[in-house]
Amino acid sequence: MAEYSVYQRGAGQTFYPQHATNIRNLPSRVRSPTTTARIPFGNPDTPSPSRSPGRQQSPQQFGMFNQQHGHQAQHVMMNGRNTHQNYAMQMNLAGKTFPHNQNHQHHGQHHQQHQDHTGGAHGGQYNHQHNLSSGNMSNAQPHFGQAHMQNGTPNSVHSGLSKPPNEHWAEQLRLAQTAREMTQSHSHARIHPSVSKSVVAGTGSGLSKEPDKEERNRPAVGGAADGKGDHIWTILDFGGQNLKVITPALFNHYTFLTKLYVNCNKLSYIPQSIGQLRNLTHLDLSLNNLQYLPPEIGMLVNLKQLLLFDNHLDNLPYELGSLFQLEMLGIEGNPLPDDLKQIIMEQGTTELIKHFRENSQGPEAPSERDWIVLDEIQDPDQETVTALSYNILCDKYCTQAQYGYTPSAALSWENRRETILGELRERNADIVCLQEIDQDSFNEYFREGLAHNDYKGVFWPKSRARTMADREAKLVDGCAIFYKNSKYILLDKQLVDFANTAINRPDMKGEHDIFNRVMPRDDIGVVAFLENRATGSRFIVGNVHVFWNPAFTDVKLVQVAILLEGIKNFANRWAKFPACKDKVVYRFTNGDTEDGKEPDPTQEPGPSKEYSDGTQIPLILCGDFNSLPTSGIYDLITTGSMSNVHDDLGSRKYGNFTRDGISHPFSLKSSYSSIGELSFTNYTPSFVGVLDYIWYSTNTLQVVGLLGDIDKNYLQRVPGFPNYHFPSDHIALYAQYIVKGRKEAKKVSEVDFGPSSNRDRRN
């Protein structure tokens, strides 16, 4: 078996694998000397060749930020009319002046340290004046950085090539030249929307669907294309303003931006908080004094164009490898290492981003997730049970096309399954429920691997496996339940096939919605009936993976309703199960052979407990429900009922469910509801939210401990899972419970008060 020394923990340590030393040897990052032979341009009064000479406004007039109230975002290129909360811009194109605040303060020092600045004048107030004459704005002081000369031509060997080596590099040079000509204030706003900043064909991300892989769709909240949301404008142009610093407030409050232009300024650094602008598709930082980029720029995974022309960048962060959708990385005019320039010149942006992604060391391992104690266990002899639920991301769905921000080594099943197995062993839960585990992985890897840790398991694949040949069927994912063999004995197991159950229900026969919406989905649930060998307590454990598509809330409800109805029927039957007689745990004493088995003297079997009905049996229900805490599914499970006219059912027809409503008899609660649920259980660039739950019956169990959230500092540089530390796009849920003692029904008997009881009788 593989060694799992990387999971050994001490004080303040973590079991997360240290991939940088265990997986591959990474090449050292090549850096060029910080000095450059750029020719300084020393005449600030020389006009730009792209505009006519005219009255020059003072750079101080365009001081970007001050602390006064009445925030007016007037340098905004907008999609439509402009009103955004209290940030108003009034524009008159008939030669009038923009309303403005005359108080301009500019507190900006030349920072070369990678840090945010939040105090003083950086309060996020953007108050500037613009005069329009004959349809033209007056221009800010022209800014010619050290990287380019008076005529706009950079001091770069590559720009002097007589013929670009390929179409992509030709486009790079064209965009660089265009950037050098856009020295006026708000140049992008001036030309919008008449000029399209498209790139040449063939410069896409290069991530295509792998032929032997199967795509897995996930619930999504809308990508960059939907970033506009309720905002009237999503494009901001601060170009040509001689800005020396940008307050982090810009990135804190304008997370809806899809395009940001801060070109042709005097910025020496970009705040770390730029990583919050995760809807950006275009970012122009050209013609500044940037000497480095913050690693948090790797969070902007929706970027398609990142322009860095004519800065002082002598290296680029490897976190750029996360920008898998980037089509154009503009680097011309920077003293970058020749090896990086060679890649982009000869092979294009896609290959350079791939180079960064595949050679990135990634973030440092996060600190261990906190263990949240909800209630102390007073009695050490109190019976407890721990449960873990984990969607492990089936190999068939883990493609580079789906998770383009992740290095291929981190996506490999060999690497991911070892990390998953290591976490399961470390958590050491009594009951483990896995979703998206395929039959081959269950039989050939996890069942054997977990057997060394005293686990046995049951598994069913999704229903489509029945129609496939063995070779294809073994790759179909399903649900598995593992349990500690020395602690529990399996009394029964059942499969809940939602589609097959629905089409065979008498009340649903002939319903078109059943055949058109429910039957095509092959999702399943697995239910196990366990008994504690020592105490005799019995448990019902359910594991389910509900259909993913957010447009099919009705199908999700039907699947969960069928699952709960099935568990109710199983529970009522299991409540009448006879006592279990053979619960002795054997251990091997002579070479692990059958002849060498003898009873384990440390395990004294207890009598099986009896239950009056199915609701009295402790119930733990785990799974990926693909539903938010605000969903109808959450309401149904926690309240026990749902109206037949619930919005999530729409106008669909599902037999008794839509005639009489849906109900179940169990008293269920989400284990994490006491802390308001986790921050997320699924973490990707397009979706961050809670989809996974562990429900428990409150009349029989009490939750006393929970595994907490992921380290938030770690997430500042991680755009999404999976990665080397988290092998699935879901995270594991883990909870501990105490088993409540059952209250025996008290026998009511009349009290005999003796002869005095007749004292009130009259003769």
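1. Gly 640 comes directly after helix α14 and has a positive phi, near 90°. Helices here are DSSP runs of H or I with at least four residues, strands are runs of E with at least two, and both are numbered from the N terminus. This is a predicted model, in which local features need pLDDT of at least 70, side-chain atom pairs count only at pLDDT 80 or more, and totals for chains, interfaces and linings use all residues. Residues are numbered from 1 along each chain as its sequence is written, and side-chain values use heavy atoms, with hydrogens and water left out.

2. In α14 (residues 632-639), the buried residues are Gly 632, Ile 633, Tyr 634, Leu 636 and Ile 637. Buried means under 20% relative accessible area, with exposed over 50% and partly exposed in between (1.4 Å probe, protein chains only). Their cover includes α13 (553-574) and β27 (692-697); contact means heavy atoms within 4.5 Å.

3. An open sheet of 7 strands with mixed pairing runs in the order β11-β28-β29-β12-β13-β15-β14. Two strands pair if DSSP finds at least two bridges between them. From one strand to the next the twist averages 25°; axes are lines fitted to C-alpha atoms, for helices over the stretch in contact, and angles run from 0 to 180 degrees between N-to-C directions.

4. Within this sheet, β28 (residues 701-707) and β29 (residues 733-739) run antiparallel and are joined by 5 bridges. Leu 706 has Ala 735 in β29 as its bridge partner. Helix α9 packs on the sheet, where α9 touches β13, β14 and β15, and its direction makes about 150° with that of β13.

5. Helix α9 (residues 439-451) has a kink of about 30° centred on Tyr 445. The bend at a residue is the angle between axes fitted to the seven residues ending there and the seven starting there. Tyr 445 is also one of the buried residues of α9, which include Phe 442 and Phe 446. At the N-terminal end, Asp 438 caps α9, with a side-chain oxygen 3.2 Å from the backbone nitrogen of Asp 440.

6. The largest nonpolar core has 61 residues, and those touching the most other members are Leu 424, Phe 446, Phe 482, Ile 620, Phe 721 and Tyr 737. Another core, of 45 residues, lies apart from it and has Ile 633 among its members. A nonpolar core is a set of buried Ala, Val, Leu, Ile, Met, Phe, Trp, Tyr and Cys residues joined through side-chain atoms within 4.5 Å.

How values were computed:
A polar contact is a pair of N or O atoms within 3.5 Å; within protein, one must be able to donate a hydrogen and the other to accept it, and residues adjacent in sequence count only if both atoms are side-chain atoms.
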